[in-house]
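Visitor: Hi, could you walk me through this one? I'd like to hear about the cavities and the helix packing.

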Amino acid sequence: MRGLDDFLAECDHGPRINGLAGFFAATAAGKSGMPIRKPVADARLLPSDELLRGLVRLHAARQGFFDQHYHGSIPYRLEEECRMAYAVLKYAGHSGAPLSLYSLGTAEGTMARTLSELSKGQIRTLSCSPNAENYKCFMAYGQPPHADFFIGPFHHLTKDVLGSDPRLANFARGFDIILEDTTFQMYSPNRASQIEFVTQHLKADGIFVFVEKFRATEEPDYRRREYQKDFGFKARYFPPDEIEKKQSLVLNTMFGNEVTLAEMAGAIRAHFSYCSLTWNSGNFCSLAASNSAENLNRYLSQMATPAIPLEYVYETSLTLPVSVAAAQE
């Protein structure tokens with residue numbers, strides 16, 4: 001990767017591990033930012049399926065402190081995480097060999113751990129977080145089989161680290177699926193270099209899933225969607241002063257590192273031939289990209305209908321100047 005030293009230095013100065021470090025540590029430890037009730041997936045929005053019901057139950061049992069904060073903050077993100085995990089489980093079931101999944105920056109790695117446990121080793125996962133508090137939650141139920149955890153920011157997980165750590169050596173050949181969950185926006189708006197750095201860990205025919213908060217084309221649209229999130233959903237889990245506190249402490253900083261969908265499309269285009277928008281909730285979207293149309297369409301075909309009320313959905317497609325895999329309804 002050209003300019004690697006400059007990129008690593010840029011990440012080292014990112015808000016996530018500097019100005020916002022205290023917020024993330026306290027929330028991951030359950031000392032602040034806890035919702036007044038634990039978010040629970042709305043079963044009415046999800047398919048009635050035995051495998052999915054088992055996934056939802058285990059996911060709920062494995063959640064740590066930060067996940068409760070996170071899922072109480074973004075409308076129907078919990079249902080989407082279960083929908084996504086369900087698709088990965090079914091995708092793995094159609095694969096001839098075990099799959100590897102890297103979930104970067106995803107707090108205590110609940111989804112990754114759940115996938116490893118349910119698949120009984122068919123899915124081997126690696127989660128990472130800069131916070132030891134998240135690792136403590138990850139280990140709260142004992143060392144999970146077929147799931148590992150790297151304590152450190154995503155840019156510290158280099159190929160050298162993967163190759164030299166005996167615990168992580170199995171991942172040195174690359175991952176079949178990589179999930180970036182609202183991580184890049186905590187460091188900088190430099191999606192081109194961020195995607196380039198992480199893509200080095202993805203197999204040639206692998207799938208890269210992005211979950212991010214995006215700037216709207218029109219600023220008033222962005223603000224209206226934020227009001228809907230805060231007062232139509234988030235108020236179920238947090239009192240007004242907590243919502244205001246996070247707005248001033250975290251979200252205003254994060255806004256400076258958000259990009260538009262068009263800017264994200266440009267960064268994705270540099271590395272992937274196929275991409276599809278799979279979920280939208282207000283200013284948040286999920287994208288899945290790959291250089292294998294077959295693998296991407298196989299993954300998309302396993303996805304149930306998005307489990308979210310239509311009033312939160314504003315984006316239904318992504319226009320990329322590349323070949324776009326057909327999303328499955």
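Guide: Happy to; we'll take the cavities, then some helix pairs.

Visitor: Before that, what sort of model is it, and what cut-offs apply?
Guide: It is a predicted model, where local features need pLDDT of at least 70, side-chain atom pairs count only at pLDDT 80 or more, and totals for chains, interfaces and linings use all residues. Residues are numbered from 1 along each chain as its sequence is written, and side-chain values use heavy atoms, with hydrogens and water left out.

Visitor: Great. How many cavities of 30 Å³ or more are there?
Guide: Two. A cavity here is a set of points on a 1 Å grid, over the protein atoms alone, where a 1.4 Å probe fits but cannot get out; lining residues have an atom within 4 Å of a point. Grid points are joined across faces, edges and corners, and a volume is the space filled by probe spheres set on the points.

Visitor: What volume does the largest cavity have?
Guide: The largest cavity has about 470 Å³. It is lined by 40 residues, and the closest to its centre are Phe 24, Phe 66, Tyr 70, Thr 182 and Met 186.

Visitor: And which elements supply at least two residues each to that lining?
Guide: They are helices H2 (21-28), H4 (65-71), H6 and H11 (240-255), plus strands S2 (123-129) and S4 (175-181). Helices (H or I, at least four residues) and strands (E, at least two) are DSSP runs, numbered from the N terminus.

Visitor: How does the lining of the largest cavity divide by class?
Guide: Into 19 nonpolar, 13 polar and eight charged residues. Ala, Val, Leu, Ile, Met, Phe, Trp, Tyr, Cys and Pro count as nonpolar, Asp, Glu, Lys and Arg as charged, and the others, Gly among them, as polar.

Visitor: What about the second largest cavity, which residues line it?
Guide: Met 84, Val 88, Leu 101, Met 111, Ile 177, Leu 179, Val 209 and Tyr 299 do. That lining has eight nonpolar, no polar and no charged residues, and the space inside is about 40 Å³. Helix H5 (77-93) and S4 each supply at least two of the lining residues.

Visitor: Switching to helices: at what angle do H5 and H13 pack?
Guide: At about 125 degrees, with the axes of H5 and H13 (residues 293-301) 8 Å apart. Axes are lines fitted to C-alpha atoms, for helices over the stretch in contact, and angles run from 0 to 180 degrees between N-to-C directions. H5 and H13 are therefore oblique to each other, given that angles under 35 degrees count as roughly parallel, over 145 as roughly antiparallel, 65 to 115 as roughly perpendicular and the rest as oblique.

Visitor: Who touches whom there, in H5 and H13?
Guide: Met 84, Ala 87, Val 88 and Tyr 91 of H5 make the contact (heavy atoms within 4.5 Å) with Asn 295, Arg 298 and Tyr 299 of H13.

Visitor: Where do H3 and H6 stand, how many degrees do they cross at?
Guide: The axes of H3 (residues 50-62) and H6 (residues 110-119) cross at roughly 130 degrees and come within 9 Å. H3 and H6 are therefore oblique to each other. The residues of their contact divide into four nonpolar, four polar and three charged.

Visitor: Which residues does Arg 62 touch?
Guide: Arg 62, which sits in helix H3, touches Thr 110, Arg 113, Thr 114, Glu 117 and Tyr 141, not counting residues up to four places away in sequence.

Conventions: On a 1 Å grid over the protein atoms alone, a cavity is a set of points where a 1.4 Å probe fits but cannot get out, and a pocket is an open set with protein on both sides within 12 Å along at least five of seven lines; lining residues have an atom within 4 Å of a point.
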